[in-house]
Amino acid sequence: MAEFNADADISQLVLLASGSFDPITNYHIRIFELVRQYFTLKGCVEGRAIISLTPKTTNTNPDCSETQDRIKMCELATSNIHNLVIDEWEYNQRCYTILPKVINKLADKYCSTGDTIAVMITEEQVSQITQWPQSEVDELMMNKNVVCVTPNPHRLINVVQFCSKFSTYEDNFHVIIDHGNTVKPNIRQAVANEQSIEGLVAPQVAKYIAEHFLYKESEKEIECSHIALQMSPKSRILLPRIRNTANSSSNGHKKKKSQTPKMGEFLKIQRMSKRIPS
């Protein structure tokens with residue numbers, strides 16, 4: 001990649017990161033530190049880091065934890081980190097806001113003339129950006145440094161070099177190699193499977209997750225909920241019939257209907273729906 005493009009004069013570094021942080025992990029903290037070290041070696045002085053949480057919305061983040069839980073976990077995990085701010089603008093929006101608009105809002109609020117702005121993104125976001133309109137790519141990358149940390153940089157470098165949308169921004173794009181080969185942990189899955197998350201999140205965050213019973217819903221239950229939502233209207237008609245049959249007593253009186261069908265009932269409904277002609 002091209003050399004760092006900051007001015008020769010000493011510049012203050014401002015890190016910007018937007019994401020669900022559900023939950024914030026030791027992996028996130030490590031990535032912040034790697035990016036800070038990288039730009040410090042390039043001549044920047046340490047400035048501020050800004051975390052922006054995406055809102056929980058029906059269309060974009062239906063399974064995301066409640067915003068207040070994620071804010072509290074971020075506060076617990078970063079309480080000892082100097083000059084880190086959790087911004088409220090994005091999570092207070094009623095709907096999803098595209099990343100370029102979020103980043104520009106943060107830059108206008110926290111950055112001054114001459115600051116070096118570093119926007120932290122994931123490998124998945126790099127792939128998404130290649131599908132954006134050129135206007136959105138320009139809005140994100142103009143006058144900013146976009147940074148991605150990965151243990152396997154070659155694929156990302158090829159994406160940036162061969163995607164025409166990045167052609168004028170190669171100097172702004174930085175791929176930082178994580179020699180620790182850090183893998184982002186799936187905390188939600190670990191908690192649902194009753195596995196230890198010690199060392200993966202800050203102790204205060206692990207305690208908060210346990211005390212508030214977060215991430216206890218198993219992946220199977222989530223999958224069953226999605227199956228129910230995707231069923232055809234004809235197959236949904238079978239749902240109350242199965243409940244009524246299961247809850248009928250031998251003397252003809254019906255017991256109180258259960259509020260939530262079991263997993264077996266979902267699977268039975270799915271199999272029966274395949275035999276219903278469209």
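Buried here means under 20% relative accessible area, exposed over 50%, and partly exposed in between, with a 1.4 Å probe and protein chains only. The model is a predicted one: local features need pLDDT of at least 70, side-chain atom pairs count only at pLDDT 80 or more, and totals for chains, interfaces and linings use all residues. Residues are numbered from 1 along each chain as its sequence is written, and side-chain values use heavy atoms, with hydrogens and water left out.

**View 1. Ser-18 in strand E1 (residues 12-19).** Strands (E, at least two residues) and helices (H or I, at least four) are DSSP runs, numbered from the N terminus. Ser-18 counts as buried because its relative accessibility is 14%. Its side chain makes a polar contact with the side chain of Glu-90, at 2.8 Å. (That's a pair of N or O atoms within 3.5 Å; within protein, one must be able to donate a hydrogen and the other to accept it, and residues adjacent in sequence count only if both atoms are side-chain atoms.) Skipping residues up to four places away in sequence, Ser-18 also touches Ser-52, Thr-54, Leu-99, Val-102 and Gln-125; contact means heavy atoms within 4.5 Å.

**View 2. Ile-86 in strand E3 (residues 84-87).** Ser-52 sits 34 residues away from Ile-86 in sequence, yet the two are 6.1 Å apart, C-alpha to C-alpha. Beyond neighbours within four places in sequence, the contacts of Ile-86 include Ile-51, Leu-53 and Ile-71.

**View 3. The two sides of helix H6 (residues 153-162).** Pro-153, Leu-156 and Val-160 are the buried residues of H6. They share a side of the helix because they cover an arc of only 70 degrees around the axis, taken from the directions from the helix axis to the C-beta atoms. Over on the other side, His-154 and Phe-162 are exposed. The cover over the buried residues includes helix H4 (123-129), strand E5 (145-150) and strand E6 (173-177).
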